Amino acid sequence: MKNKQMLYNAILSAKNKNQKLLAVLLDPDKIVLDEVAVLADKINSSPATHIFVGGSIVEADIIDELIVLLKQKTSLPILLFPGNPSQISSKADAILFLTLLSGRNPDYLIEHQVNAVPILKRTNLEVISTGYILIESGTQTAVERVSKTDPMDRENSDYVVQTAQAGEYIGNKLIYLEAGSGAKNAVPLEMIRKVSKSIQVPVIVGGGIRSKKAIDDAYDSGADLVVIGTAFENDPNFFNFSTHA
Ligand code: 1GP
């Protein structure tokens, strides 16, 4: 039986060694299965260390197939990043078991999580408890729309720190600071800095990051893992960085 904490322990150990991690987020609704092999090649030759699969709403019923195809082409760990329990696939390696800490909608605080349990019981997925904090980013994002919750004020870092600390006390193993997919403004660097200094668990940062500089700035501010979705979706050569630096 595989060690159920394997991927989490690897993330922790990278944090302890100050090795920064990078996840490519693939939204099944935006993927053409015929192009997965090419995408996987691009990911393999990129600095990515993880693949996240999911989205706020996923209509296409291709998650299993997508992950199977990815696994034929890459050995990077595949983590589910689900908007709801319908996006759980036993083909992945792990699931970010999300709690939307910034919102006050019980569906995203406990209802979906309870409903996910019988599905998870039929899988061998590593479950990684993740406090998910949505930060205001200039325009309404899909997370906001789908979860019917307000993001947190980007000017009020202290309250975000307090929320992240509450997540850690609750037992979240990761804290994810999210500006939202395609966000106009990414999570403020000062906020990343304050949050990462206030908690022991690794900090994931995503949403609206679309240049190498923005990735490096997030790392320098304390992000342990940066997530890139839209930038790679729009340009599969994004990780060549030459024209983006
Ligand atoms: C969204 O954090 C991820 O959930 C990635 O955002 O698509 O803006 O890179 P982008």
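Let me start with a term: a residue is called exposed when its relative accessible area is over 50%. Asn18 has a relative accessible area of 56%, so Asn18 is exposed. Keep in mind that this is a predicted model.

Where is Asn18? It sits in the loop between H1 and strand S1 (21-26). Phi of Asn18 is near 60°, a positive value, and the residue is not a glycine.

Lys148 is another case. Its phi is positive as well, about 50°, and again this is not a glycine. Look for Lys148 in the loop between helix H5 (142-147) and helix H6 (157-170). Lys148 is exposed, with a relative accessible area of 70%.

Now to charges. Side chains of opposite charge can pair when their charged atoms come close. How many salt bridges does the structure hold? There are eight. I will take you through some of them.

Start with Asp224 and Lys15. They form a salt bridge, and their closest N and O atoms are 3.3 Å apart. Which parts does this pair tie together? Asp224 is in the loop between helix H8 (212-221) and strand S8 (225-228), while Lys15 is in helix H1 (residues 6-16), so the bridge links parts 209 residues apart in sequence. Buried or exposed? Asp224 is buried, at a relative accessible area of 6%. Lys15 is partly exposed, at 21%.

Next, Lys71 and Asp93. Here the closest N and O atoms are 3.0 Å apart, in another salt bridge. Lys71 belongs to helix H3 (residues 63-73). Asp93 belongs to the loop between strand S3 (78-80) and strand S4 (94-100), so this pair ties together parts that are 22 residues apart in sequence. Lys71 has 36% relative accessibility and counts as partly exposed. Asp93 has 18%, and it counts as buried because the cut-off is under 20%.

Third, Arg193 and Glu190. This salt bridge has its closest N and O atoms 2.7 Å apart. Both residues are in helix H7 (residues 189-198). They are three residues apart, which means about one helical turn separates them. Arg193 is partly exposed, at 31% relative accessibility. Glu190 is partly exposed too, at 41%.

One more item. Which residues do shared partners join into one network? Asp27, Lys30 and Glu233, through their salt bridges.

To recap: the Asp224 and Lys15 bridge ties together parts 209 residues apart in sequence, and Arg193 and Glu190 pair within helix H7.

Conventions. Residues numbered from 1 in each chain as written. Predicted model: local features only at pLDDT ≥ 70, side-chain atom pairs only at ≥ 80, totals over all residues. Heavy atoms only, no water. Salt bridge = Lys/Arg side-chain N within 4 Å of Asp/Glu carboxyl O. Helix = DSSP H or I, 4+ residues; strand = E, 2+ residues; numbered from the N terminus. Buried < 20%, exposed > 50% of the residue type's maximum accessible area, 1.4 Å probe, protein only.
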